[in-house]
Amino acid sequence: MRTNARLRAAAMALAMIASAAATAGAQSDQANYDEAKVGNFPPLDPLTTADGKKVTTPETWGKVRWPELLRLFETEMYGRIPEAARSIRPTYQVRSEDSNALGGKAIRREVTIRFTSDPEGPRMDLLVYLPKRASAAAPAPAFVGLNFGGNQTVDPDPGIALGRTWTRPGKGLPRERHTAAEKSRGTAASRWAVERIIDRGYALATAHYEDIEPDFDGGYRYSVRALLDRDGKGRPAPDEWGAIGAWAWGLSRALDYLETVPEVDANKVAVMGHSRLGKTALWAGVIERRFALVISNNSGCGGAALSRRIFGETVGRMNRSFPHWLCANFQKYSDREADLPFDQNELIALIAPRPVLVCSADEDLWADPKGEFLGALGADPVYRLLGTDGLAVRQMPRTSRDGLVNSTIGYRIRPGKHDVTPDDWEAYLNFADRHFHHGSQ
Ligand code: GCU
C-alpha cells in the first residue's frame, strides 16, 4: 500500500511538472501586446558599418554599406537568388484581350509567362489592365502586385480565366492543384480598386503568387526554385532563396513583361503587396532597382516592422509557422532577435532613394503598427544622406482614414483590421502621383 501511495504521489508530481511545462511552453508562445515588455533594444543605425565606421557620404553608402547590408539580408534572411536563375528565359503568350473592359475604359489582357517548356511546370498568368487613354506617346505609370487567391478574385469580370489553387482533396491528404471555383470571382475586388486605378491613369498588372510557388512547406517542388534544383538535393542551399525570394523574382518577371508594352511607362512602375506579399514587395524593391516605387501594406514581421521589438508576431513565430518563406540560415534567429546583424529599418533603407510607402492598420496588432512606423523612421538617415526629404514626421501620426505622410518615405495608419481597403488605394495613388509627377498632384 505504502509503495502504491508513493508511486501515485510520484506520478502526480510528474503530471504536475508536465502540465506546468506545457503551460510555460504555451505562454512563451503567446504573443506580447504590452509596450512595457517589447524589450529595450536601441534601433540599429544603417549608417554604421559592420566594423563600426560611420558612413557620411552617399559614395560610401553606395560602395561600402549598401553592398554589405544587401549581402547580409541575402545570406541570412531572404536568401540570394542563384546565378542559374538567369538561365530561365521566360516566354509570353497572350491568352485573351478585351479592348472594352470596365465599361470601355480599359484594355484587359491575360498573358501567360512560361518559365519552362514543360506545360506542367511553373508559369505565371499575368492579368494586365491598361487605361484606354494611354499610348506609346503618353504611356501610363503602373502598379504591379501579387494576389492571394487567383486573378479571378481581383474583379468579378467573367472573362478572367479561373486561376489554379492548392488545396487538400481530403483530410490528411497532400495538397493538389485545382482550378479555382467560379464562386471565387471578385472575392478580393475590394482589395484591388481596379476601376479607380484606371480612372487615375495607371495600369495594373497582377498574378497569383502561388503560380510562382505554392505557399506551404513542401510547395518548393512545384516552384520556380525547383527548376534550378539540377543536382537533385531537393532544397536550396542555406543561403539561397526562400519562397519570398521566389515571389519577388516573379514580380521582376512581371516587370520584364511590362517593359515590352508601349502603353506602359516602365520607368514608373510601383510594386505593391499586402501582408506576406508586403514583405515580398519590400524585398523585391530592394533587389530589383527597376521598381521605381515600393508599397508595403500591413507587412509586419519580416516586412517593415522592426524584428527587435517583441510585439505581435516574432521571428520565432514566423519561422515556425512558415519555415519555407525565408532562407534556412534565418532559422537560427528564432527567439534570438538580438543576434540579428540587421533590422528591418535597414531593409527599407536599401530601397533609398526611391520612394517607399509603409502602411499600417490600427487593429492589426499582430503586424505591430508601431514597429512598422519605427522601421520607416529608422530608414530616414539614409534617405536624407541621399538628398531626399526622408520621412517628414518623427512621431507616429494619429490614425486616420485618409491620412498620409507623403514624403519620400511615406507612412500611413488607418483604422481597422489587417486588409487592403479602397482608402488604402487612394493613399497609394496620391503617393504615386506625387513621386511620379503624375495626375493633378
Ligand atoms: C500570418 C503571418 C503574417 C503574414 C500574414 C498574411 O498572419 O503570421 O506574417 O503577414 O499571415 O500574409 O496574411
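Phe373 is buried, with a relative accessible area of 3%; buried denotes under 20% relative accessible area, exposed over 50% and partly exposed the range in between, for a 1.4 Å probe and protein chains only. The structure is a predicted model, in which local features need pLDDT of at least 70, side-chain atom pairs count only at pLDDT 80 or more, and totals for chains, interfaces and linings use all residues. Residues are numbered from 1 along each chain as its sequence is written, and side-chain values use heavy atoms, with hydrogens and water left out.

Tyr411 is also buried, at a relative accessible area of 0%. A search of the whole structure finds 19 aromatic pairs; rings of Phe, Tyr and Trp (its six-membered ring) pair if their centres lie within 6.5 Å, and planes under 30 degrees apart count as stacked, over 60 as edge-to-face and the rest as tilted. The rings of Tyr209 and Trp247 are tilted, because their planes stand at 55°, with centres 4.8 Å apart. This pair links distant parts of the chain, with Tyr209 in helix α5 (residues 209–212) and Trp247 in helix α7 (residues 243–259), 38 residues apart. Phe373 and Tyr411 form an edge-to-face pair, 5.1 Å centre to centre with 75° between the planes. Here too distant parts of the chain are linked: Phe373 belongs to helix α11 (residues 369–377) and Tyr411 to strand β12 (residues 409–414). Helices (H or I, at least four residues) and strands (E, at least two) are DSSP runs, numbered from the N terminus.

Helix α11 is largely enclosed by the rest of the structure, because seven of its nine residues are buried. The buried residues are Pro369, Gly371, Glu372, Phe373, Gly375, Ala376 and Leu377. Their cover includes α10 (344–349), β10 (356–361), α12 (380–385) and β12.

## The ligand site

A polar side-chain atom of Arg276 lies 2.5 Å from a ligand oxygen atom. For an N or O atom in the side chain of Trp366, the distance to an oxygen atom of the ligand is 2.9 Å, and for one in the side chain of His418 it is 3.4 Å. Taken alone the ligand exposes 310 Å², of which the protein buries 82%; accessible areas come from the Shrake-Rupley method with a 1.4 Å probe, and for residues only the protein chains shown count as cover.

## Two further buried residues

Phe311 lies in the loop between β9 (293–297) and α9 (315–321) and is buried, with a relative accessible area of 7%. Beyond its neighbours within four places in sequence, Phe311 is in contact (heavy atoms within 4.5 Å) with residues including Asn32, Tyr33, Leu365 and Trp366.

Thr206, in strand β7 (residues 203–208), is buried at a relative accessible area of 1%. Its side chain makes a polar contact with the side chain of Asn147 (2.9 Å). A polar contact is a pair of N or O atoms within 3.5 Å; within protein, one must be able to donate a hydrogen and the other to accept it, and residues adjacent in sequence count only if both atoms are side-chain atoms. Leaving out residues up to four places away in sequence, Thr206 touches several residues, among them Asp125, Leu146, Val154 and Trp192.
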